[in-house]
Amino acid sequence: MRKKILVDIYLVNNLGDDMFLDYLAIKYPEFDFVPFHPGKNYKSFFMNYNNVKQFPYTIVDKILKKIGHNKLTDYKRLSANYDGLLFLGGGIFREESYWKSVFEYRKGIINVFKSKNKPVWFMGCNFGPYNSDEFYNQYERLFSGIDSINFRDKKSFELFTSLSNAGCYPDILWDYTIPSVEKKEDYLGISVINPKHKEGYSKFHDEYIESHVRMILKFKKQNFKIRLFSFCKSEGDLKICKEIQKQIKDVEIVDYQGNIKDFLKCFGECSYFIAARFHANILAIKYNMQLIPIIYSDKTENLLDDLEYDLKKIRLDNISELYETPFVCFDKSKIDTLILDSKKHLTLNI
């Protein structure tokens, strides 16, 4: 009988997380995966796979919730229906204002699965940013009771070296099979983020737009074509693309809408890339592009540290220096090693 895994994953048409799910389904065709996502907005996406199923949540379940019978918090029933629980995601441990409610949900569902001797895994994640000992100590205790947690950067892993079930491997998507494309030498690609969506960076919004406009004009003088990439519309990427386009009309916007392969083909055609999105950096490196990474969180800085990137780092708070920043192309032999090591990230033992 096929094993059925409940998957906790962020599904808001965010390219990186959708690629995680795509990779999982392809790597483990012998398992059935059910994202813990009651909405029907991913129905067409799930139909691309034989082993990814819609979480069963009907109008009856919605009615029952109103009278106190919430299927989504009935962890005992969930643990009876699934053979394991997988938390799959990157920046999923951030000490934000609502972190305690997230923690209590995770603790509650994990404890019930483990009480039934069902395996629980965290994979592909980094830890932080965080400020309090309480946040760290709560999660250290939680991690100690699960089957395994595999981090994607050394800095996160080193916080939990006392745990025998903790591992560290490069990001899962280093091993993702990207579509082959024909490179266009006169294309500059830019993956944007919305500074107003990132805590502490709202005041850099105008400077962020101005710096990118200035860089685009620099490349346009060299007859480059420009592509702006929106990885996640709901987090404001598309809004920023359109703000830039208002100032420079003849730039192309590529908005991710659920078709991973088409998006990656447009991405891979670029020869130069300015990458704010975490996975835009990994994809640009895999496509052997000339790259400028933009740092908006610890996860990107940790990635660059693990890659032994020793050039000046551009953060959102010094984005005005983008214009003078050199592009870099990473050593292919190092990338080949990362790809091999990342294969070890996902190990589902049932």
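Modeller: Start with a cut-off: buried means under 20% relative accessible area, and exposed means over 50%. Keep in mind that the model is predicted.

Biologist: Why is Lys313 called buried?

Modeller: Lys313 has a relative accessible area of 15%. The limit for buried is under 20%. Therefore Lys313 counts as buried.

Biologist: What makes Lys313 and Glu301 a salt bridge?

Modeller: Their closest N and O atoms are 3.8 Å apart. The rule asks for a Lys or Arg side-chain nitrogen within 4 Å of a carboxyl oxygen of Asp or Glu. The pair therefore passes. It also links distant parts of the chain. Glu301 sits in helix 12 (residues 298–306), and Lys313 is in the loop between helix 12 and strand 12 (314–315), 12 residues apart.

Biologist: Why can such side chains pair at all?

Modeller: Opposite charges can pair when the charged atoms come close.

Biologist: How do you know that Lys220 forms a salt bridge with Asp250?

Modeller: The closest N and O atoms are 2.9 Å apart. The cut-off is within 4 Å, so the pair qualifies. Lys220 lies in helix 8 (residues 205–220). Asp250 lies in the loop between helix 9 (237–247) and strand 9 (252–255). The pair therefore ties together parts that are 30 residues apart in sequence.

Biologist: Why is Asp250 called exposed? And what is Lys220 called?

Modeller: Asp250 is at 52% relative accessibility, and exposed means over 50%. So Asp250 counts as exposed. Lys220 has 23%.

Biologist: What makes Asp336 and Lys332 a salt bridge, and where do they lie?

Modeller: The N to O distance is 3.3 Å. The limit is within 4 Å, so the label holds. Both residues lie in helix 13 (residues 332–342). They are four residues apart, about one turn of the helix. Lys332, at 56%, counts as exposed. Asp336, at 33%, is partly exposed.

Biologist: Which residues do shared partners join into one network?

Modeller: Lys184, Arg227, Glu252 and Glu269. By the same rule, the count comes to 23 salt bridges.

Biologist: Why is Ile67 called exposed?

Modeller: Ile67 has a relative accessible area of 59%. Exposed means over 50%, so Ile67 qualifies. Its place is in the loop between helix 3 (59–66) and helix 4 (75–81).

Biologist: What makes the nonpolar surface patch there?

Modeller: Ile59, Val60, Ile63, Leu64 and Ile67 make a patch of about 480 Å².

Note on methods. Residues numbered from 1 in each chain as written. Predicted model: local features only at pLDDT ≥ 70, side-chain atom pairs only at ≥ 80, totals over all residues. Heavy atoms only, no water. Patch = residues over 30% accessible without salt bridge, like charges linked within 9 Å, V, L, I, M, F, W, Y side chains within 5 Å. Areas by Shrake-Rupley, 256 points an atom, 1.4 Å probe, with all protein chains shown as cover. Helix = DSSP H or I, 4+ residues; strand = E, 2+ residues; numbered from the N terminus. Buried < 20%, exposed > 50% of the residue type's maximum accessible area, 1.4 Å probe, protein only.
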